[in-house]
Amino acid sequence: MIAAGLCFLIALSFGSANINWATVFESFKTGSESFDHTVVMELRLPRAASAFVVGGMLALAGVLMQVLLRNPLADPYVLGISGGAAVAALLAMLLGWQSDLISVTAAGGAMLSMALVFTLARGRGDWSSTRLLLTGVVLAAGWGAGISFILAVSPSSHLYSMLFWMMGDFGNSGPGYIRCLLLGAGLATTLLFARSLNLLSTGELRAEALGVHTLAIRISIYLLASILTAAAVTLAGTIGFVGLVVPHMVRLMIGTDHRMVLPASVLFGGILLVLAETLARTVLAPRILPVGVITAFIGVPLFLYLLRTGIKRQSK
Amino acid sequence: MTSLKADKLTVKIGTVTACQDLSVTFRSGQVWSVLGRNGIGKSTLLRTLAGLRRPETGTLLWGAISLDLISRRKRAQTIGILFQDQDPTFPATVLETALTGRHPWLSLFDGEREADIEMALQALKQLDLDGMEQRELWSLSGGERRRVDLAALMLQKTQVALLDEPANHLDLHYQVDVMGHLIHNWQQEGGIVIMVMHDVNLAMRFSDHLLLLYGDGETNHGNAAELATEENFSRLYGHPLRCYPTNGQHFFVPA
């Protein structure tokens with residue numbers, strides 16, 4: 001928690017315009033109308049808040065997808081939700097729509113993809129992880145082709161913003177109440193069922209034998225993870241890495257009990273993305289880099305380090 | 001007296017019929033062994049008895065109530081099952097795995113209490129796993145993992161214990177001594193033990209009742225001493241068996 005607060009402070013303090021810590025505090029206390037105040041409160045704070053919420057949502061969705069598919073390689077995008085959103089968003093950009101409209105269209109694409117996977121995977125009543133995974137992966141591949149197609153036929157003037165959208169980009173808008181609420185409610189609900197998630201990750205039959213309503217829980221996880229992913233993607237594009245690696249980092253650090261993994265992932269995912277977002281603004285300032293690139297730059301060495309030390313600890 | 005009753009139960013998997021119109025009552029204090037050849041549907045029958053899959057026809061009754069009408073939680077407090085294998089996707093420790101057995105007894109908002117952990121440590125100790133509580137599951141041998149699963153089942157405190165090849169991976173000492181002890185405890189507390197067995201002699205050692213699956217849905221069940229004949233077992237396994245009586249127990253050896 002303290003780390004999260006500190007990260008916010010860092011995010012608010014660094015940027016193209018040079019503003020020191022004291023001024024950041026100052027702008028919280030007083031409602032002054034100075035330039036610095038405006039930069040902190042109206043540009044950096046909403047961005048940092050967005051980054052935290054998106055990071056939290058992606059990490060939470062990642063944990064859920066990994067349990068749902070019983071596959072450590074699963075991430076929020078594996079079932080094609082981001083692909084659907086991206087195709088819809090790129091189409092909207094191609095047509096030259098407003099950015100508000102792009103978000104709405106992306107959400108529509110995500111929902112369409114979610115509904116498709118859900119119905120197709122259902123088949124004759126069996127809803128196995130393998131079938132779900134295959135359906136999702138194939139659909140995601142289809143969306144991928146769609147994205148390439150749109151990029152190929154788009155005029156070059158659109159390409160930059162399209163690529164940037166896909167690599168992940170925070171506008172200057174805040175996360176909005178709905179997303180905050182969604183993240184909070186999502187975390188609270190999953191925490192209630194955390195013990196069932198523990199059982200589910202040891203195997204569906206075992207969970208069922210211990211009294212878990214596995215089908216109901218799996219469908220709920222699917223819907224929740226999909227909605228979280230859609231909400232994150234429509235705000236910030238497809239930021240990779242967070243959803244895949246944060247859950248594993250957390251597991252390496254604190255173990256596999258979901259009562260701990262869920263909140264820790266949200267917190268850690270949020271922190272990672274706030275830091276990544278700050279770096280994205282500052283490294284080549286005043287140019288802004290895609291956040292997705294930075295998350296990988298921070299995450300890859302950190303994860304490899306944890307993996308090495310974690311394995312050493314276990315083999316002792 | 002509690003009982004698990006199968007009423008005209010037909011269980012099929014694919015083209016295999018495990019049993020056809022099987023009516024049998026498993027009573028409190030009885031230990032049953034289910035015997036039959038490979039791939040005949042023994043595990044499927046066990047899962048059906050656990051309420052984890054629907055029988056093709058027929059019903060299962062716990063006392064006088066249909067198993068379908070019992071809530072999942074209540075069912076999990078009543079019937080426990082030891083599966084043949086486990087394939088954990090994510091790492092977990094021995095203690096965590098053992099504690100999963102407490103799940104049906106904990107409410108939505110509760111975590112495991114001190115008492116649960118104490119219970120788990122005791123069960124692990126009983127199975128010679130003390131000192132290994134924090135070990136990762138993947139670092140254990142097959143036999144040790146099997147005992148962790150047995151500990152989880154003990155912690156579930158169910159009246160019915162369904163064991164799918166419980167002797168798998170266990171060495172002679174654990175097969176005979178530890179398992180014998182567990183089964184005896186269950187029996188003493190008025191529980192029902194139903195296990196799928198491959199070793200006829202081990203089955204005869206522990207159980208007082210047999211359920212023989214001949215294939216094609218044909219079954220035979222009843223008192224172990226009465227059913228254990230050279231003729232029955234030879235037919236069951238499609239291979240001649242000889243019976244050698246030694247002090248009090250009959251030993252069956254393939255001819």
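This is a short tour of a predicted model, with stops in chain A and then in chain B.

**Stop one: a helix in the interior.** Select residues 242–254 of chain A, which form helix α12. From first C-alpha to last, this 13-residue helix reaches 17 Å, close to the 18 Å expected at 1.5 Å a residue. Now colour α12(A) by burial: 11 of its 13 residues are buried, so the rest of the structure largely encloses it. Among the buried residues you will find A:Val242, A:Leu244, A:Pro247, A:His248, A:Met249 and A:Arg251. Step just past the end of α12(A) to A:Gly255, where phi is positive, at about 95 degrees.

**Stop two: a helix pair.** Next, show α8 (residues 176–192) and α13 (residues 258–282), both of chain A. Their axes lie 9 Å apart and the packing angle is about 165 degrees. An angle over 145 counts as roughly antiparallel, and α8(A) and α13(A) are therefore described that way. Their crossing is right-handed.

Move to chain B and select strand β11 (residues 241–246) together with strand β12 (residues 249–254). These two strands pair in the antiparallel sense over 6 bridges.

Technical notes. Residues numbered from 1 in each chain as written. Chains lettered and ligands numbered in written order. Predicted model: local features only at pLDDT ≥ 70, side-chain atom pairs only at ≥ 80, totals over all residues. Pairing = 2+ DSSP bridges. Helix = DSSP H or I, 4+ residues; strand = E, 2+ residues; numbered from the N terminus. Expected span 1.5 Å × (residues − 1). Buried ≥ 20, exposed ≤ 12 C-beta atoms within 10 Å, placed from the backbone. Axes fitted to C-alpha atoms, helices over the stretch in contact; angles between N-to-C directions. Parallel < 35°, antiparallel > 145°, perpendicular 65-115°, else oblique. Left-handed = near helix turned anticlockwise from the far one by under 90°.
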